[in-house]
Amino acid sequence: MRLMSTEEHRTVLLDIASTIHRICNEHDLVYVLQGGSLLGAIRHGGFIPWDHDFDIMMPRHDYDMLAEHWNEWCDDSRYQMMAPKLKNCPYFFAKVVDTSTYVKQIYIADEYCTGAWVDIFPLDGVHDNVDEIRQKVLHAKRTVYTAITDTSSGSTPAIKLAKKAITPVWKRLVKPY
């Protein structure tokens with residue numbers, strides 16, 4: 001397997017995003033840039049220099065439609081939809097992955113690493129209490145990342161030991177797939 005340059009990696013991300021854009025246009029689905037992708041577009045006129053993925057957000061209905069119909073709407077077999085609804089994704093959001101690539105992520109167990117990806121976040125009804133929303137998102141992130149962590153990595157021996165003890169139990173409780 002060959003190591004891609006940053007420019008090649010970004011080209012792959014833009015190709016995935018272009019496919020998503022085309023499908024959304026053809027099927028009247030709404031999406032917006034989100035997170036680092038939005039910030040990069042505004043501040044840097046492209047990618048944030050240290051960013052490694054592409055983020056979009058969709059209203060829940062459109063998000064569910066895209067996940068449900070991805071295989072019939074996408075004409076490029078390299079791109080796979082991973083989504084909680086499809087039971088093939090350990091995250092609380094969807095990803096479109098280029099299966100012809102592989103990205104080794106630090107602190108993520110190899111079995112959960114994928115190809116280059118575009119993250120797709122559902123936009124649900126917005127709660128009035130912003131602090132409550134932040135707490136729920138933080139809890140969801142911690143839950144998933146604890147279940148899929150690489151137990152051989154850690155900044156100290158104590159952290160490595162804790163991961164080896166907690167991760168197997170957490171994985172059974174959370175069932176990432």
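1. Strand S5 (residues 117-123) is largely enclosed by the rest of the structure, because 6 of its 7 residues are buried. Buried means under 20% relative accessible area, with exposed over 50% and partly exposed in between (1.4 Å probe, protein chains only). Strands here are DSSP runs of E of at least two residues and helices are runs of H or I of at least four, numbered from the N terminus.

2. This is a predicted model, in which local features need pLDDT of at least 70 and side-chain atom pairs count only at pLDDT 80 or more, while totals for chains, interfaces and linings use all residues. Residues are numbered from 1 along each chain as its sequence is written, and side-chain values use heavy atoms, with hydrogens and water left out.

3. The open sheet has 5 strands in the order S1-S2-S5-S4-S3, with mixed pairing. Strand S1 (32-33) and S3 are at the edges with a single partner strand each, so one side of each has no neighbour in the sheet. Two strands pair if DSSP finds at least two bridges between them.

4. S5 pairs with strand S2 (residues 54-59) in the parallel sense over 6 bridges, and phenylalanine 121 in S5 stands opposite methionine 57. With strand S4 (residues 94-98), S5 runs antiparallel, joined by 4 bridges. Aspartate 119 in S5 is the bridge partner of lysine 95.

5. S4 has 5 of its 5 residues buried, so S4 is largely enclosed by the rest of the structure. In a regular strand, side chains alternate between the two faces of the sheet. From S4, Ala94, Val96 and Asp98 point one way and Lys95 and Val97 the other way, and all are buried. S3 and S4 run antiparallel and are joined by 4 bridges; lysine 95 in S4 is the bridge partner of methionine 82.

6. Helix H1 (residues 6-26) has 21 residues and reaches 30 Å from its first C-alpha to its last, close to the 30 Å expected at 1.5 Å a residue. That expected span is 1.5 Å times one less than the number of residues. Among the buried residues of H1 are His9, Arg10, Leu13, Ile16 and Cys24. Their cover includes S2, helix H3 (60-73), strand S3 (79-82), S4 and S5. Just after H1, aspartate 28 takes a positive phi of about 55 degrees.

7. Valine 12 lies in helix H1 and is buried, with a relative accessible area of 12%. Not counting residues up to four places away in sequence, valine 12 touches Met4, Asp98, Thr101 and Ala116; contact means heavy atoms within 4.5 Å.

8. The second largest pocket holds about 430 Å³ of space. Its lining has 15 residues, with Leu3, His9, Tyr102, Val103 and Lys104 nearest its centre. A pocket is an open set of points on a 1 Å grid over the protein atoms alone, with protein on both sides within 12 Å along at least five of seven lines; lining residues have an atom within 4 Å of a point.

Terms used:
1 Å grid on protein atoms, 1.4 Å probe; cavity = no way out; pocket = protein on both sides within 12 Å on 5 of 7 lines; lining within 4 Å. Points joined across faces, edges and corners; volume = space filled by probe spheres on them.
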